[in-house]
Amino acid sequence: MNKDLPSPETLRNLLSYDPETGKLFWKARGYGRFDTRFAGREAFTAVDPRGYISGRVFNKTYTGHRVAWAVHYGAWPSGQIDHINHNRADNRLNNLRDVSIWENRVNATLQKNNKSGVAGVYWYARCGRWQAYIKVRGKRHHLGYFAEKFDAILTRLLAEKKHGFHINHGI
């Protein structure tokens, strides 16, 4: 565990978390100036360049999904927090899961530079066919060349199922 992280107990004293909305709120601290300005108001309202909700506690910036997890469960997540629906600003409890790097990777968003509309499928101009591949635990597996895009997509989807990819992968 990172020694720089505030304890979940400390966070619970400072913040409350609404699992239905995914929002964090400042709690009253017992002194007028802070309480008048912030108590009961939403905390962690900034959006970082990657699209995650973030905020500051004791002059350090933290992501809202990790703080929400710590406040709700009373422990920091052991792995990465996966946003199941791929919306990095949606910190509702039913959209968050504590996963390994691999589990997070198999629920990845479709990359912006993808031209086929399907992860792991692209037009291979050199042979004039669609190529399908899948990357599993860092190793790329060639799935074949196909005359029809549909066949490449179907092969890729079957490989995703075989390797336990999340149903939202590539969306």
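R97 counts as partly exposed at 22% relative accessibility, where partly exposed is the range between buried (under 20% relative accessible area) and exposed (over 50%), found with a 1.4 Å probe and protein chains only. This is a predicted model, in which local features need pLDDT of at least 70 and side-chain atom pairs count only at pLDDT 80 or more, while totals for chains, interfaces and linings use all residues. Residues are numbered from 1 along each chain as its sequence is written, and side-chain values use heavy atoms, with hydrogens and water left out.

## Charged pairs

What does the side chain of R97 meet in a salt bridge? The partner is D82, at 2.7 Å from N to O. A salt bridge here is a side-chain nitrogen of Lys or Arg within 4 Å of a carboxyl oxygen of Asp or Glu. The pair links distant parts of the chain, with D82 in strand β7 (residues 80-83) and R97 in strand β8 (residues 96-99), 15 residues apart. Strands and helices are DSSP runs numbered from the N terminus: strands are E runs of at least two residues, helices H or I runs of at least four. D82 counts as buried because its relative accessibility is 2%.

The structure holds 5 salt bridges.

| D82 | R97 | 2.7 Å |

E42 is partly exposed, with a relative accessible area of 35%, and K23 is partly exposed with a value of 35%.

Now look at strand β5 (residues 53-57) and strand β6 (residues 60-63), which pair in the antiparallel sense over 4 bridges. Two strands are said to pair if DSSP finds at least two bridges between them. In general, strands of a sheet pair through backbone hydrogen bonds, either parallel or antiparallel.

T63 is found in strand β6. Is T63 buried or exposed? T63 is buried, because its relative accessible area is 17%. Leaving aside residues up to four places away in sequence, T63 touches F44, D48, R50, Y52, I53 and S54; touching, or contact, means heavy atoms within 4.5 Å.

H65 has its place in helix α3 (residues 64-73). With 6% relative accessibility, H65 counts as buried. Again leaving out residues up to four places away in sequence, the contacts of H65 are Y52, I81, H83, N91 and L96. Y52 is one of the residues touched by H65, and Y52 is also among those touched by T63.

## An open sheet with a helix on it

Which strands form the open sheet? The sheet has 3 strands in the order β9-β10-β11, with antiparallel pairing. Its edge strands are β9 (121-124) and β11 (139-146), each of which pairs on one side only. From one strand to the next, the twist averages 30 degrees; such angles run from 0 to 180 degrees between N-to-C directions, using axes fitted to C-alpha atoms (for helices, over the stretch in contact).

On one side of β10, 4 bridges join β9 to β10, and W123 has W130 in β10 as its bridge partner. The hairpin of β9 and β10 has 4 residues between the strands, and G128 in the turn has a positive phi of about 65 degrees. Strand β10 (residues 129-136) also pairs with β11, in the antiparallel sense, over 7 bridges. There, Q131 has Y145 in β11 as its bridge partner. Helix α5 (residues 149-162) packs on the sheet and touches β9, β10 and β11, its direction making about 10 degrees with that of β10.

F150 lies in this helix, α5. F150 is exposed, with a relative accessible area of 58%.
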